[in-house]
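Happy to walk through this one with you.

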Amino acid sequence: MTRQDLELWVKKFLLYMRAEKNAAPLTLRAYEHDLKEFTDHCGEQAEISQFRQSRLLVRDFWASLHQKKLRSSSILRKLAALRSFFKFLVLEDVVDVNPFDYLTNPKKERLLPRFIVEKEMPKLWDAFDKTVHPLAVRDRALLELLYSSGLRIRETVDLNMGDIDVWNGTVRVLGKGGKERMVPVGKAAVRSIEAGVKWRETRFSTPVTSKSPVFVNARGKRITPRGAQIVIDRWVKKAALSTRVSPHTFRHTFATHLLNSGCDLRAVQEMLGHKSLNSTQVYTHATIDHLRKVYESAHPRA
């Protein structure tokens with residue numbers, strides 16, 4: 001198989017993932033990037049139709065990823081994209097056997113999620129009360145919702161006003177794979193969002209409808225994930241937080257604080273939109289730490 005043939009099958013695979021599997025745009029972009037890396041590694045001739053050659057190519061590509069000293073999570077992501085690609089090629093009778101059926105995956109590196117400790121959260125909200133900024137109302141609403149709901153940043157910036165029920169304190173979210181879920185939203189976040197609506201109607205002199213984006217940039221257009229990161233950086237700096245904070249840090253903080261307060265693990269799983277409980281269990285480390293401190297301070301024989 002020539003390089004051109006391989007690139008053509010990659011394009012067909014991406015179309016298949018979008019049309020048949022309803023893969024998210026970010027997932028498709030990652031697949032495209034990772035498979036291009038594999039295609040470049042193969043060179044002008046990619047002998048993948050025969051099992052022996054395809055397995056050797058995959059193992060050689062795998063070794064090259066290790067040589068680049070990538071994190072295990074990055075290697076696993078690239079291999080997962082390649083595995084799905086070969087699975088598609090088997091369906092299309094391009095190859096007889098998926099070489100990954102005879103390869104053992106590397107173990108995933110278990111990194112503890114970074115989160116903001118509870119005692120530092122007031123510093124963030126105090127920064128809004130002490131600082132004058134033209135976009136402060138919008139910024140606070142964004143941060144309040146991230147912390148209150150644990151939404152992914154893409155889920156957050158894609159929200160329209162019609163997705164939020166301010167009376168019942170819920171938000172309708174379209175998550176990964178097009179799966180819809182309902183997530184509760186705290187009163188503080190609801191108040192901030194309502195204040196944000198009034199701010200927008202005054203600033204842009206246009207009514208906010210159910211189809212309007214919940215969060216807009218300084219020009220009144222839907223904010224991007226990169227724009228949200230800039231907002232977070234601004235207020236983390238003003239609050240002088242000790243933790244490096246990304247949009248996903250708020251998701252980790254949401255889950256950790258709920259579990260520390262005794263929330264059921266499966267309830268947190270539902271709110272985060274995790275398919276597997278294993279994905280949610282990574283947050284239980286914080287609960288154990290919290291329980292240990294309570295135990296040591298309260299038990300007479302600790």
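The questions below concern a predicted model.

Q: Why is aspartate 139 called buried?
A: Buried means under 20% relative accessible area. Aspartate 139 has a relative accessible area of 0%, so the label buried applies. This residue lies in helix H6, residues 136-149.

Q: What does aspartate 139 touch, leaving out residues up to four places away in sequence?
A: Its contacts are Phe128, His133, Val231, Arg234 and Trp235.

Q: Which residues have the most contacts inside the largest nonpolar core?
A: They are Leu124, Leu143, Trp235 and Phe250, in a core of 38 residues. Among the elements that each supply at least two residues of this core are H6, strand S2 and helix H9 (225-239). A separate second core, with 31 residues, includes Leu14 and Val95.

Q: How do you know that strands S2 and S3 pair?
A: Two strands pair if DSSP finds at least two bridges between them. S2 (residues 170-174) and S3 have five bridges, so they count as paired, and the sense is antiparallel. Threonine 170 stands opposite proline 184 in S3. Five residues sit between the strands of this hairpin, where glycine 177 takes a positive phi near 70°.

Q: Which residues make up the covered face of S3, and which the uncovered one?
A: Arg181 and Val183 form the covered face, while Glu180, Met182 and Pro184 form the uncovered one. In a regular strand, side chains alternate between the two faces of the sheet.

Terms used
Residues numbered from 1 in each chain as written. Predicted model: local features only at pLDDT ≥ 70, side-chain atom pairs only at ≥ 80, totals over all residues. Heavy atoms only, no water. Buried < 20%, exposed > 50% of the residue type's maximum accessible area, 1.4 Å probe, protein only. Helix = DSSP H or I, 4+ residues; strand = E, 2+ residues; numbered from the N terminus. Contact = heavy atoms within 4.5 Å. Core = buried A, V, L, I, M, F, W, Y, C linked by side-chain atoms within 4.5 Å.
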